[in-house]
Amino acid sequence: MILLSLIWLLQDFAQLLLMGICMIPDVFLLTILFIALLPEKSKEEQSKLVWIAFFGGLLWDLRWTNLPGLTSAISGGVIGLACFIWQKLPAIGRTPFAFMAVSAFCELVYALGHYFFWTIPSQSALRQFIVQQLIAVPVIIIFAWLFGRASERNG
Amino acid sequence: MRILCRESRPWLNSFISVLAGAAILFLSAGTDGVKHGAVELVNGILSYPEKPVLYLRNIIKLSGNWVLERDNLNERVEKLELKNLALEEALQRAGVKSPASKGGYLRAVVTLRYPQEWWQELRIDKGAQEGVREGAAVASEGFLVGRVTRVSAHSSWVELITSSSFLIAAAVDQTRDLGVAAGDGRGHLRLLYIPEERNVRRGMSVSTSLMSDVIPPGLAIGTIIGIDEEKEGYKEMRLSAGAHLTQLYNVDVFMPSSGGAQR
């Protein structure tokens, strides 16, 4: 919980530093996703993470989007959807690559949700969206690598 | 929530969270006061840990611009000093005493600008505690960018000149014709109510005219870039704002002298 609070704050600071330049990817959401999809996580813990994502998103809305409920709904929905997809995958298929694909899908859904409901569609908004996705690529790769290591440790 | 977490599956919690988010979104649309209060509360709490980051951003931005701006500023200061000297000499020749200072400016950092209200308003990190007053003019690089509309203890909201509700008395510097500068909410500025017979042309500069103690007269707004069709005996003109409205990181809030009464 402390780690997630710190990551939320770090994301807030990063957004503050890059305000007016680009939107940063939702590292907080990706961290929750990483924790939720770890092999030893129970359904109860995953459910708890859905609500942590929801409240983190609500705080983000109150700080940045001025549309309370938008990011929280997207975050809660995306984590639940990712957990559902992950459970449907056979255990052998839960590889770092599969994790990378799920993370990329979640990040894209999150960014698209913001693009259509929050920003005013324009060339500059589209440019910011593309930059956000490009920044998300190394972040997702790092999380996939961490996921691979955690999976190896769990055998 | 504990019961939900224990008894239900993640997808069900997720579904409920989506519904809850949509409900908050729907309810907040109808309760502006509550939403505004919650936004202010969260922003107020976060303003403390964010302070060092804001200063860091400011330092990065300022150091980046420093070299570029230095020459430009030196040139402007030199010109203004010469102009000031000439005016003082003219006043002395005419036997008029130099007027006392009418106030100064307080430097503030832009802390928030919502994309959906990009041309409407922004928030700065100075408030009532620092002496900011409602209605005060806000400038950037010597050009008007807006005025303060809401003041909290340590932050204020600034309505931009491009806001659709922004109207301000303005004068064409070269002809002294008076009109009203107005925004359209889409990043454009217009000068209204200039009589059609007046010889106002493209390239002429526009500045504020005397209207209150919190907005100084003669503060540059921008330049006339086009004259549209005449309507009911008046010309409508397109203005180009003098300030870089898409690159507002720091602004200067006009602080009237304490002797001046607020109107």
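**View 1. Helical make-up of chain A.** Six helices and zero strands account for the secondary structure of chain A, where helices (H or I, at least four residues) and strands (E, at least two) are DSSP runs numbered from the N terminus. The order of elements from the N terminus is α-α-α-α-α-α. The model is predicted, so that local features need pLDDT of at least 70 and side-chain atom pairs count only at pLDDT 80 or more, while totals for chains, interfaces and linings use all residues. Residues are numbered from 1 along each chain as its sequence is written, and chains are lettered from A, with ligands numbered from 1, in the order in which they are written.

View 2. An unreviewed UniProt entry assigns "transmembrane region" to residues 13-37, 70-86, 98-117 and 129-148 of chain A; positions follow the numbering used here, feature names are shortened, and annotations may be inferred rather than shown by experiment. Residues 13-37 of chain A are 60% helix and 0% strand, with their end C-alpha atoms 26 Å apart. For residues 98-117 of chain A, the figures are 100% helix, 0% strand and 28 Å between the end C-alpha atoms.

**View 3. Surroundings of A:Arg127.** Helix α6 (residues 123-153) of chain A contains A:Arg127. This residue counts as exposed because it has 11 C-beta neighbours inside 10 Å (buried: 20 or more other C-beta atoms within 10 Å of its own; exposed: 12 or fewer; partly exposed: in between; C-beta atoms placed from the backbone). A distance of 8.5 Å separates the C-alpha atoms of A:Arg127 and A:Cys22, which are 105 residues apart along the chain. Of the 155 residues in chain A, 43% are buried.
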